[in-house]
Amino acid sequence: MKNSKMKFGTKVIHAGLEADPTTGAVMTPIYQTSTYKQASPGDHKGYEYSRTGNPTRNALENNIAALENGKFGLCFGSGLAAIDAVIKTLNPGDEVLSTNDLYGGSYRIFTKIFEKYQIKFTFIGMQEMAEVEKHISKATKLLWIETPTNPMMNIIDIKAASDLAKKHNLLLAVDNTFATPYLQRPLDLGADIVMHSITKYMGGHSDVVMGALVCKDEKLAEELYFIQNSSGAVCGPQDSFLVLRGIKTLHLRMQRHSENGKALARHLKNHPKVDKVYWPGFEDHANHRVAKEQMDDFGGMISFTIKGNDVKDANTVMSSLEVFTLAESLGGVESLCCHPASMTHGAIPKEEREKSGVLDSLIRLSVGVEDIDDLITDIDQALMKVNP
Ligand SMILES: *Cc1c(COP(=O)(O)O)cnc(C)c1O
């Protein structure tokens with residue numbers, strides 16, 4: 001069956017994958033090799049050197065491309081290495097417009113690495129495209145967006161961003177890490193590039209750091225392949241195998257993440273010690289309408305604040321949780337919690353941070369796929385420890 005005809009739950013298991021041609025192995029083998037024998041110079045089986053191409057990595061790249069309804073997939077040693085490759089398509093003097101509610105590591109590579117090479121980055125609110133349009137100049141080449149955003153769960157309208165990008169001849173790149181193609185497919189909405197931190201939901205088991213890009217346009221893909229091979233930030237075959245294995249259950253995991261996320265978000269909203277709950281599935285979420293249009297469900301990421309906004313209370317909750325683990329990262333089968341004000345957003349001055357809603361008592365949850373009753377019991381016993 002052609003990849004394009006398969007439904008999502010079939011693609012995660014089959015798209016881009018074939019039984020191994022030499023042995024018939026049903027699961028893609030780990031081709032742990034740096035190089036490949038040539039019969040005579042230039043006479044090889046399509047592989048010369050594993051930075052340029054490796055069968056295990058290529059299988060994963062083809063699979064991810066199919067999941068995003070793209071044509072070309074590229075995998076990297078981390079999500080940031082994937083972002084690095086996209087920005088390297090630009091030239092000194094070019095400008096990038098990006099959301100002001102951006103993953104911290106993306107903000108850091110843009111401002112601390114690429115600004116040195118005279119690429120300019122402007123960070124703005126992207127809820128209104130008319131506002132974004134005011135910042136477009138002749139030098140603007142790329143719109144970089146992330147939706148839902150971290151940790152405030154804001155939603156950006158991908159279709160509207162794509163219309164704006166097309167009008168001004170810009171590329172649109174979407175960081176799809178939080179949603180995954182199970183919930184949201186940016187290329188179908190007109191984006192040019194989808195980026196993933198595979199480390200999170202795609203890998204899904206908190207055991208690999210990896211990144212990916214997917215696009216449809218052949219010329220753009222060639223440019224990105226050239227950078228992948230020339231800069232060399234590729235991922236290894238062992239990690240590619242682990243991610244291929246993780247992706248086979250992406251649809252099952254995302255379905256459960258979304259169910260558990262919904263149940264926990266609703267529970268928190270009615271909790272007497274909780275102030276605000278940020279989850280795009282609520283009808284009173286500022287961008288709920290867009291979220292409903294562009295996402296198939298709302299995923300497992302939730303942020304909430306505690307009444308009184310005291311950092312001590314947030315610390316009490318986080319150190320009392322037993323099923324949720326206090327740790328960076330997200331998207332694994334296990335539930336995690338983190339404290340954005342001191343962890344991911346610690347480098348941003350308090351005033352700036354609070355303007356975007358990252359208060360001292362804000363806790364971000366990555367709701368795993370455990371039994372929901374245990375997750376609710378855990379949150380309740382931890383919140384009980386907060387003084388009234
Ligand atoms: C983690 C993350 C990244 C960076 O990916 P790494 O794999 O850690 O390099 C980029 N964007 C988002 C939204 C992330 O959560």
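Student: How much space lies in the second largest pocket?

Tutor: Rolling a probe the size of a water molecule over the atoms shows where empty space is left. Here, about 670 Å³ lies in the second largest pocket. A pocket is an open set of points on a 1 Å grid over the protein atoms alone, where a 1.4 Å probe fits, with protein on both sides within 12 Å along at least five of seven lines. Volume is the space filled by probe spheres set on the points, joined across faces, edges and corners. The model is predicted: local features need pLDDT of at least 70, side-chain atom pairs count only at pLDDT 80 or more, and totals for chains, interfaces and linings use all residues. Residues are numbered from 1 along each chain as its sequence is written, and side-chain values use heavy atoms, without hydrogens and water.

Student: Which residues lie nearest the centre of the second largest pocket?

Tutor: Lining residues have an atom within 4 Å of a point. Of 23 in this lining, Asp20, Pro21, Tyr31, Tyr47 and Pro55 lie nearest the centre.

Student: What is the volume of the largest pocket?

Tutor: About 820 Å³. Its lining has 30 residues; Asn100, Leu102, Tyr107, His345 and Ile348 lie nearest its centre.

Student: Where does the largest pocket lie?

Tutor: Domain bounds come from an automatic or database domain assignment. Domain 1 (8-247) and domain 2 (250-383) both give residues to the lining, so the largest pocket lies between them.

Student: Is Thr305 buried or exposed?

Tutor: Buried means under 20% relative accessible area, exposed over 50%, partly exposed in between (1.4 Å probe, protein chains only). Thr305 has 2% relative accessibility, so Thr305 counts as buried.
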